[in-house]
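Have the chain open in your viewer, and let's walk through it. We'll go from the pockets to the sheet and then to the ring contacts.

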Amino acid sequence: MEDCIFCKIVNGDIPSEKVYEDNNVVAFKDINPAAPIHILVIPKKHIATLLEVKEEDSYLISEIFKAINTIAKKLNIDKDGFRVIANCGKNSGQEVMHIHFHVLAGKELGDKIVG
Ligand code: 5GP
Ligand code: ZN
């Protein structure tokens with residue numbers, strides 16, 4: 001989608017440090033990391049928010065979590081663990097309107113909101 005920064009990252013118009021890519025999914029380093037390891041995992045397809053994931057796109061969510069599994073092993077964070085966060089809408093503070101899953105790792109993260 002035009003004017004979407006993550007679509008521009010998908011098609012290479014904006015550079016990024018990619019850590020993973022397949023037919024459906026791209027993962028790259030967050031430009032403003034909140035942890036020693038902070039990766040954004042996104043579908044290549046433009047979907048603005050989690051509320052707009054249609055039935056026919058639901059396989060993409062599965063593909064994203066398969067990618068997260070692969071990335072966790074590749075980046076050696078599978079043993080010590082990591083946190084996955086997805087923001088949706090105003091109260092979450094979602095800034096980029098192309099769905100993305102934050103993968104945070106590399107230290108004890110603390111400050112659990114749930115758990
Ligand atoms: P949100 O607040 O929407 O859940 O998260 C958006 C994330 O995208 C933020 O953590 C922000 O640092 C990251 N971000 C925004 N613009 C860019 C960019 O151009 N490149 C990269 N790599 N990350 C970005
Ligand atoms: Zn987009």
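A pocket here is found on a 1 Å grid over the protein atoms alone: it is an open set of points with protein on both sides within 12 Å along at least five of seven lines, where a cavity would be a set of points where a 1.4 Å probe fits but cannot get out; lining residues have an atom within 4 Å of a point. Keep in mind that this is a predicted model, where local features need pLDDT of at least 70 and side-chain atom pairs count only at pLDDT 80 or more, while totals for chains, interfaces and linings use all residues. Residues are numbered from 1 along each chain as its sequence is written, chains are lettered from A and ligands numbered from 1 in the order in which they are written, and side-chain values use heavy atoms, leaving out hydrogens and water.

**Pockets**

Volumes are the space filled by probe spheres set on the points, with grid points joined across faces, edges and corners. For the classes, Ala, Val, Leu, Ile, Met, Phe, Trp, Tyr, Cys and Pro count as nonpolar, Asp, Glu, Lys and Arg as charged, and the others, Gly among them, as polar.

| Pocket | Volume | Lining by class |
|---|---|---|
| Largest pocket | about 520 Å³ | twelve nonpolar, eight polar, four charged residues |
| Second largest pocket | about 230 Å³ | seven nonpolar, one polar, four charged residues |

The largest pocket has 24 lining residues, and Phe6, Asp30, Ile31, Asn32 and Leu40 lie nearest its centre. Helix H1 (5-11), E2, E3 and E5 each put at least two residues into that lining, with H1 giving the largest share, three residues. (Helices, H or I with at least four residues, and strands, E with at least two, are DSSP runs numbered from the N terminus.) Around the second largest pocket, the lining includes Ala34, Arg83, Leu104 and Asp111.

**Sheet**

Five strands make an open, antiparallel sheet in the order E1-E2-E3-E5-E4; two strands pair if DSSP finds at least two bridges between them. Strands E1 (18-21) and E4 (82-85) each have a single partner, so one side of each is left without a neighbour in the sheet. From one strand to the next, the twist averages 20°.

E1 and E2 form a hairpin with three residues between them and pair over three bridges, with Lys18 opposite Phe28 in E2.

Helix H2 (residues 58-74) lies across E1, E2 (25-29), E3 (37-43), E4 and E5, at about 150° to E3. Contact means heavy atoms within 4.5 Å; axes are lines fitted to C-alpha atoms, for helices over the stretch in contact, and angles run from 0 to 180 degrees between N-to-C directions.

**Rings**

How many aromatic pairs does the whole structure hold? There are two, counting rings of Phe, Tyr and Trp (its six-membered ring) whose centres lie within 6.5 Å, with planes under 30 degrees apart called stacked, over 60 edge-to-face and the rest tilted. Phe6 and Phe28 form an edge-to-face pair, 5.3 Å centre to centre with 75° between the planes. That pair links distant parts of the chain, with Phe6 in H1 and Phe28 in E2, 22 residues apart.
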